[in-house]
Amino acid sequence: MKLKTLATVLLAIVVNAGANAQGVTPCGYKIPPRSFLKTNFTSVYEARDIVKAMLDTIKWQENFQLQVQNGINNAYATIIRNKRYIVYDNDFLENKDAYAATKWASISIMAHEMGHHYKNHVVSGRGSTIPTEIEADEFSGYILNRLGATMQQSVAAIQKIATDRASATHPAKSDRVAAINKGWNLAKTEKTAGTGTGTGTGTGTGTTDNTWIGLSMQSNKNQTVYLSDDGTKYQAAEIRAGETFVFKFEIYNYGWLRLPYYNGYRTFKLLHGKDYSIILNRRTKNFTLVEVPD
């Protein structure tokens, strides 16, 4: 979907390529000793597959693209030319796995960056702040639990690369570990209660967040629909039968939905904080939209 125009904002776990092995990055992260950059530890990290698994586990439509940039020793969430990205260095992520001795290190870093997009931190223009980093850490813990990581595996990266003391933009290690534990425990509680996904931003059962839209399909088949922020450019989205597709428009508090209708499409206006149901007329084979009462 179309996004606000903003200068590139880095909200990241950043490692300065020019720093020495015992140094600390400007963002407050310890740089692994060079001895850990050559190891027999084998990572299974594959960015696109892992990100897809993250998206599937919370039933969230991806609103960002992945971009590999080797040699930057970095992974960060950003907006470039009106589009959202997670930019990452494969070697950087592999090195974190080696240093923490678990594949979950790199996965937690990518989950953290995805959290910045999920929580809309990148549109503020303020860069990294302690509250936004805490939120992204909590999101990371939630996602890793959903993917099957233990609590120890979920905090492995932060335990190794976070500094003990807070900086102006990033929390202290103890606060970051606590945030990851909080997200991990939230996912565990939901599993026990059987309430599905809920990351504190409107994707869970019983949410009171009015910035998200719920769209469900009253059919026994999946259906592709088309969504737009501005009514001109539409993005395809698959609504799975019997499931709720949760999303938000990012320019206005409303947007447009196109559904197949006779030989063309019918357009509907959707409002944030509302849930809608797509219904198929079995006689005409056309779709219509009904707002779900509060």
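Helices here are DSSP runs of H or I with at least four residues, numbered from the N terminus. On that basis, Thr132 has its place in helix 4. Please bear in mind that this is a predicted model.

Is Thr132 buried or exposed? Its relative accessible area is 8%, and because buried means under 20%, Thr132 counts as buried. Setting aside residues up to four places away in sequence, Thr132 touches His116, His121 and Gly127.

Let me turn to the helix itself. Helix 4 is made up of 18 residues, and its span from first C-alpha to last is 26 Å, close to the expected 26 Å at 1.5 Å a residue. Buried positions in helix 4 include Glu133, Asp137, Phe139, Tyr142 and Leu144. Just after helix 4 comes Gly148, with a positive phi of about 105 degrees.

Next, the core. The largest nonpolar core contains 29 residues; Met54, Trp60, Leu66, Met110, Met114 and Ile143 are those with the most contacts inside it. At least two residues of this core come from each of helix 1 (47–58), strand 4 (83–88), helix 2 (90–100), helix 3 (104–118) and helix 4 (130–147). Helix 3 gives the most to this core, namely seven residues.

Which residues does Ile143 contact, leaving aside neighbours within four places in sequence? They are Met54, Thr57, Ile58, Ala111 and Met114. Apart from this core lies another, of 18 residues, among them Ile239, Phe245, Tyr276 and Phe287.

Thank you for your attention.

Note on methods. Residues numbered from 1 in each chain as written. Predicted model: local features only at pLDDT ≥ 70, side-chain atom pairs only at ≥ 80, totals over all residues. Heavy atoms only, no water. Core = buried A, V, L, I, M, F, W, Y, C linked by side-chain atoms within 4.5 Å. Buried < 20%, exposed > 50% of the residue type's maximum accessible area, 1.4 Å probe, protein only. Contact = heavy atoms within 4.5 Å. Expected span 1.5 Å × (residues − 1).
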